[in-house]
Amino acid sequence: MIICKSEAEIEKMRRSGHVVREVLDLLRSLVAPGVSTMELERAAEEKMKELGATPAFKGYYDYPCVLCTSVNEEIVHGIPSEKRLLKAGDIVSIDCGVVLDGYYGDAAITVGVNGSLTPELKKLLEVTEAALYRAIQAARIGNAVGDVGATVQEYVESNGFSVVREFVGHGIGTHLHEEPQVPNFGVRGQGSRLREGMVLAIEPMVNSGQPGTRVLEDKWTAVTADGSCSAHFEHCVAVTRDGPLILTQ
Ligand code: MF3
Ligand code: CO
C-alpha cells in the first residue's frame, strides 16, 4: 500500500529533509584529499545530534554507520572507514538519512575530490544529477512510477552511461523504505499511478561502464561488476497539486 501524506506531514518531512541537506552541505565542504570517509561519518553524526535528529541508517538491517560513503567503483552502501583516504581525482557518493519527529529524510550527493576530475567523471556526475532533476519533474499527479524510471533511463543511456537495476528508489515517510519501489528504468505509463501526497526518494545510480553490480565480502558495499565508476544523487520529492516539491533542499 502506498501511503499518501497530509500537508502537515509533508511539512514535517520538509524539516527532516532540511536537516539532511545541512549535513550534506557540511560534508561537501569537508571532502578533500587525505580526508578519511570515517571523518565524514563523525562530522555527520555530530551535526545530526546538534540539529536534534536521529540517524536513519545506523542499525537499519544492522548497517553500522550513519552515512554510506561510496568511492569510485562503489555504487552505494560503502561503509565509512579510517583506512579509506580520499585522493584527488576520486569521486565519493555520500548518502545520508535522518528521522526527525517521526518522519524520515534521505538524500545523496556525489562529489569530486579536489575538482581535478577527468572529463569522463565530470560528465558522469553532471548526467546523474541532471537525470535526477528530470525524474523529479516526472513526479506529477497522474503520471506513473514508470514515467520516473523511464525519464532517468532514457537520459542516462542517451549520454552513453548505464543505470543500475539491482538498487532502486522508494517511498518514504514514517519508515525509511515504503512502497512503491522507484526503479531508475521502466516504461512510461507503467507501474503505480502517482497521487497527491505521495513522497518518493528518487535516486539514480549511474555507471560509467556496464550496468552489472556485485556486493563485496562486507555484505554491504555494492560495486560495479566491470570496475567502472558510479555516481548517485538522491532527493525526497512530494507529489503535490502544485507539482513536484523537493523536500531535501
Ligand atoms: N539511501 C539508501 C536507501 O534509501 C540508504 C540505505 S542504507 C542502509 O536505500 F544502511 F540504511 F540500508
Ligand atoms: Co534512499
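Which residue has a polar side-chain atom 2.6 Å from a nitrogen atom of ligand 1? It is Asp95. Keep in mind that this is a predicted model.

Let's stay with ligand 1. Around ligand 1 we find Phe57, Tyr60, Tyr63, Cys68, His77 and Asp95, and also Asp106, His170, His177, Glu203, Trp220 and Glu234. His170 puts a polar side-chain atom 2.7 Å from an oxygen atom of ligand 1. For His177, the distance from a polar side-chain atom to an oxygen atom of ligand 1 is 2.8 Å.

Next, the metal. Ligand 2 is a cobalt ion. Which protein atoms donate to the cobalt ion? OD of Asp106, NE2 of His170, OE of Glu203 and OE of Glu234, at 2.1 to 2.3 Å. Asp106, His170, Glu203 and Glu234 are also among the residues surrounding ligand 1.

Now the geometry. The cobalt ion has six donor atoms, and the angles among them run from 62 to 169°. That site is irregular. For six octahedral donors, the ideal angles would be 90 or 180 degrees.

In sequence, the donor spacing reads D-x63-H-x32-E-x30-E. His170 sits in strand 7, residues 169-171, and Glu234 in the loop between strand 13 (230-232) and strand 14 (235-240), so this pair ties together parts 64 residues apart in sequence. Are these two buried or exposed? His170 and Glu234 are buried.

On to the rings. The count is two aromatic pairs. One is Tyr60 with Tyr61: centres 4.8 Å apart, planes at 80°, so edge-to-face. Tyr60 is partly exposed, at 24% relative accessible area. Tyr61 is exposed, at 66%.

The other pair is Tyr63 with Trp220. Again it is edge-to-face, with 4.8 Å between centres and 80° between planes. Where do these partners lie? Tyr63 is in the loop between strand 1 (54-55) and strand 2 (67-71). Trp220 is in the loop between strand 11 (213-215) and strand 12 (222-224). The pair therefore ties together parts that are 157 residues apart in sequence. Tyr63 is buried, with a relative accessible area of 4%. Both Tyr63 and Trp220 are among the residues around ligand 1.

Last item: charges over rings. Lys123 lies over the face of Phe161, 5.3 Å from the ring centre. Arg165 lies over the face of Phe185, and there the distance to the ring centre is 5.4 Å.

Definitions and conventions
Residues are numbered from 1 along each chain as its sequence is written. Chains are lettered from A and ligands numbered from 1 in the order in which they are written. This is a predicted model: local features need pLDDT of at least 70, side-chain atom pairs count only at pLDDT 80 or more; totals for chains, interfaces and linings use all residues. Side-chain values use heavy atoms; hydrogens and water are left out. Rings of Phe, Tyr and Trp (its six-membered ring) pair if their centres lie within 6.5 Å; planes under 30 degrees apart count as stacked, over 60 as edge-to-face and the rest as tilted. Buried means under 20% relative accessible area, exposed over 50%, partly exposed in between (1.4 Å probe, protein chains only). Helices (H or I, at least four residues) and strands (E, at least two) are DSSP runs, numbered from the N terminus. A charge sits over a ring if NZ of Lys or CZ of Arg is within 6 Å of the ring centre and within 35 degrees of the ring normal. Donors are N, O and S atoms within 2.8 Å of the metal (3.2 Å for Na, K and Ca); water is not among the atoms, so sites may look incomplete. Four donors count as tetrahedral if all angles lie between 85 and 135 degrees; four count as square planar and six as octahedral if opposite donors are over 155 degrees apart and all others between 65 and 115; anything else is irregular. A residue is near a molecule or strand if one of its heavy atoms lies within 4 Å of it. A polar contact is a pair of N or O atoms within 3.5 Å; within protein, one must be able to donate a hydrogen and the other to accept it, and residues adjacent in sequence count only if both atoms are side-chain atoms.
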